[in-house]
Amino acid sequence: MNIEDDELERRLQALQPAAVPEALTARLQHARPKRPHWWYLAAAMAAVAVLFLRFPPHTETVSAPIPPPAVATETPVESLEDLRVFLPIEQTSTLVKVEKVGVLETDPERPIQLMRTFWVDDVTYRGDDGVSTFQRQESRTEIIPVALQTY
Amino acid sequence: MDASPSTSTTSWNSWLGQRSRQFLLFARSQTRCEADAHDVLQDSLVETWRRAGHKAPDDALVYATIRRRAIDLFRSTERRQRREQTAYEILWLDQPADGPGIDPALDEAVQRLPNHLREVLIVRIWGGLTFQQIALSLDIPADTAASRYRYALDHLRKAMKQPEVSQPASPHLP
């Protein structure tokens with residue numbers, strides 16, 4: 001830094017930034033960022049609390065688990081108070097009848113015989129209390145393709 | 001809990017009264033016209049005040065924000081349309097009441113400085129920042145800030161020695 005620089009710096013420092021125009025000053029003062037006062041927040045929280053007390057959440061729809069529909073229809077005690085959940089623990093399927101439906105010859109060398117079968121299913125369910133059980137029995141049909149032996 | 005709104009208003013106005021001249025000068029140096037300078041200044045002051053927790057922020061942060069906002073404005077404006085680039089027709093600098101008088105030649109010489117030199121000179125002379133603070137504000141090394149400051153003085157000294165030039169002022173681009 002030489003003497004000329006020092007002199008120039010003195011001249012510069014003798015100056016000051018030009019004044020801010022009045023219109024801009026007013027604009028800036030008006031633009032002051034506002035933040036909510038603490039009691040605005042308190043009032044908002046109080047309003048939420050009032051709403052919560054006035055309209056409490058429906059506890060039944062929130063807390064009650066819905067049992068599976070298939071189990072619920074067969075549950076011996078169908079009271080709404082019964083919250084046990086039953087799961088299948090054993091199944092026995094009995095073939096009671098077989099009918100021939102027809103022969104499919106999509107491939108002449110490998111014809112297929114369609115068989116209609118009739119079944120009775122016995123399913124045992126156990127409740128999540130570990131003690132209660134119940135059985136459900138229902139029939140069903142099923143068509144089974146069977147390869148025919150040709151000679 | 002924080003100060004009351006009236007106290008906050010007082011401190012905001014007080015901060016503006018103390019620092020807005022310096023910040024406006026820097027905003028003018030970073031923009032192309034007075035309206036842009038006002039917009040950039042307002043956005044930057046509001047943003048930095050809020051980020052500082054509704055109290056006066058560091059000057060270095062304000063200068064850095066003004067610079068960033070000016071660059072953003074420049075880019076968006078350029079994308080939209082290339083405006084006629086006009087020079088400032090107002091004086092950026094003033095004399096205190098007890099000073100010897102306004103020095104238009106020196107004011108014009110400052111305005112004509114290349115932007116990368118002018119911004120360092122302004123925050124150093126009228127912002128009162130150290131070279132370390134300038135480095136943070138302008139995102140340049142401190143050594144670079146110091147050398148640009150010396151180059152700015154060189155430019156000014158040469159400009160003041162030259163006979164008066166009647167060419168229109170060059171545009172000021174960030």
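Analyst: Here's a walk through chain B, starting at the contact and moving on to a helix pair. Keep in mind that this is a predicted model.

Let's begin with the contact between the chains. Chain B puts 32 residues into it, and chain A puts in 24. On the chain B side, four elements supply at least two residues each: α1 (5–30), α2 (34–51), β1 (93–94) and α7 (142–161). Which of these gives the most? That's α1(B), with ten residues. Sorted by class, the side of chain B that touches chain A holds 18 nonpolar residues, nine polar ones and five charged ones.

Now for the helices. In chain B, α5 (residues 115–125) packs against α6 (residues 131–138) at an angle of about 130°, and their axes are 10 Å apart. That angle is why α5(B) and α6(B) count as oblique to each other. Their crossing is right-handed. To see who meets whom, look for B:Glu119, B:Val120, B:Val123 and B:Arg124 on α5(B), which meet B:Ile134, B:Ser137 and B:Leu138 on α6(B). By class, the residues of this contact come out as four nonpolar, one polar and two charged.

Definitions and conventions. Residues numbered from 1 in each chain as written. Chains lettered and ligands numbered in written order. Predicted model: local features only at pLDDT ≥ 70, side-chain atom pairs only at ≥ 80, totals over all residues. Contact = placed C-beta atoms within 7 Å. Nonpolar A, V, L, I, M, F, W, Y, C, P; charged D, E, K, R; others polar. Axes fitted to C-alpha atoms, helices over the stretch in contact; angles between N-to-C directions. Parallel < 35°, antiparallel > 145°, perpendicular 65-115°, else oblique. Left-handed = near helix turned anticlockwise from the far one by under 90°.
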